[in-house]
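This report describes the secondary-structure architecture of the model shown below.

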Amino acid sequence: SNRGDFKVFESRDDLATSLADYVAGLSKSATEGRGSFTVVLSGGSLINALRKLTEPPYLDSVDWGRWHVFWVDERVVAKNHPDSNYKLAYDNFLSKVPVVPGHVYAINDSLSAEAAAEDYETVLRQLAKTGILDASKGGDFPTFDLMLLGIGPDGHVASLFPGHPLLSEKEKWTTFIRDSPKPPPERITFTLPVINSAANIAVVVTGAGKAEALKKGLSDEVHDGLLPIQMVSPKSGNLTWFADKAAAVNIVS
Ligand code: 6PG
């Protein structure tokens with residue numbers, strides 16, 4: 001499809017193994033090339049799909065010391081709050097692998113939504129100057145090696161929700177919302193241009209509750225305006241979908 005490479009798996013377990021291979025492969029080429037691997041996490045069920053990376057053989061074969069970890073979105077709560085995307089990723093993934101703590105770029109939880117979004121963009125711009133974050137392609141946005149996205153049942157990605165004015169942001173790298181339909185309401189999020197500038201975007205979709213959103217995400221049919229997932233379309237990078245059978249029930253291949 002012109003919507004990238006679509007992979008469907010019998011079970012969540014098979015999906016997790018293939019996803020681990022995929023991430024490990026991208027980590028290898030990025031670390032051998034630029035020397036760092038910049039990977040962006042989402043909240044929600046995505047983190048569980050990364051669990052195989054915390055086990056052998058990946059635990060020992062991945063060059064974790066060269067990973068730099070970011071968040072595509074974060075809720076404006078303390079880092080130890082049950083709603084924190086950082087906490088979810090730390091408890092279930094990052095605490096189980098030897099990443100360098102100083103390479104884990106959590107969103108500052110002591111600031112207001114607006115200030116935290118600005119602060120995150122400053123952090124990213126600094127990393128782009130040092131070359132840790134690839135800015136060599138020119139243009140106004142950095143090239144993350146890998147964006148790992150989930151989809152909400154309503155077709156949202158990151159904290160970009162259907163019909164929201166943020167979908168037309170053209171300049172900022174990170175921004176904030178105070179009216180998220182998915183609680184909690186205050187969030188920091190990457191903008192679409194940053195997402196679409198990534199070298200690789202993986203969309204991970206599991207469970208029957210995502211079947212409609214996945215079907216729409218793979219099509220270019222417009223109903224009530226394009227859904228955020230339909231607007232995920234890398235400018236020059238690769239788009240790969242990882243779905244389980246339950247989510248892919250409506251997809252005829
Ligand atoms: C969040 C986010 C996003 C997440 C999607 C899908 O929850 O913070 O908006 O990061 O990937 O909402 O979440 P589920 O996979 O849990 O449905």
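## Basis of the description

Helices (H or I, at least four residues) and strands (E, at least two) are DSSP runs, numbered from the N terminus.

The model is predicted: local features need pLDDT of at least 70, side-chain atom pairs count only at pLDDT 80 or more, and totals for chains, interfaces and linings use all residues. Residue numbers start from 1 along each chain as its sequence is written.

## Helix α5

Helix α5 covers residues 113-130. After α5 comes Gly131, with a positive phi near 90°.

Ala116, Ala117, Tyr120, Leu124 and Leu127 are the buried residues of α5 (buried: 20 or more other C-beta atoms within 10 Å of the residue's own; exposed: 12 or fewer; partly exposed in between; C-beta atoms are placed from the backbone). Viewed down the helix axis, these buried residues fall within an arc of 100°, so they line one face of α5; the arc is that of the directions from the helix axis to the C-beta atoms. Thr122, Gln126 and Lys129 are exposed, on the face turned away from the buried side.

## The three-stranded sheet

An open sheet of three strands has the order β4-β7-β6, with antiparallel pairing (two strands pair if DSSP finds at least two bridges between them). Its edge strands, β4 (73-75) and β6 (174-177), each pair on one side only. Neighbouring strands are turned by 20° against each other on average, direction ignored; axes are lines fitted to C-alpha atoms, for helices over the stretch in contact, and angles run from 0 to 180 degrees between N-to-C directions.

Strand β7 (residues 187-190) is joined to β4 by three bridges, and Asp73 stands opposite Thr189 in β7. Helix α5 packs on this sheet, touching β6 and β7, and its direction makes about 165° with that of β6. The buried residues of α5 pack against β6 and β7 (contact: C-beta atoms, placed from the backbone, within 7 Å).

## The six-stranded sheet

Six strands make an open sheet with parallel pairing, in the order β1-β9-β8-β5-β2-β3. Its edges are β1 (5-9) and β3 (67-71), each pairing on one side only. From one strand to the next, the twist averages 20°.

Two bridges join β2 (residues 37-41) to β5 (residues 146-150), and Val39 stands opposite Leu146 in β5. Helix α1 (residues 12-33) lies across β1, β2, β3, β5, β8 (200-205) and β9 (238-244), and runs at about 160° to β9.

How values were computed:
Two residues are in contact if their C-beta atoms, placed from the backbone, lie within 7 Å.
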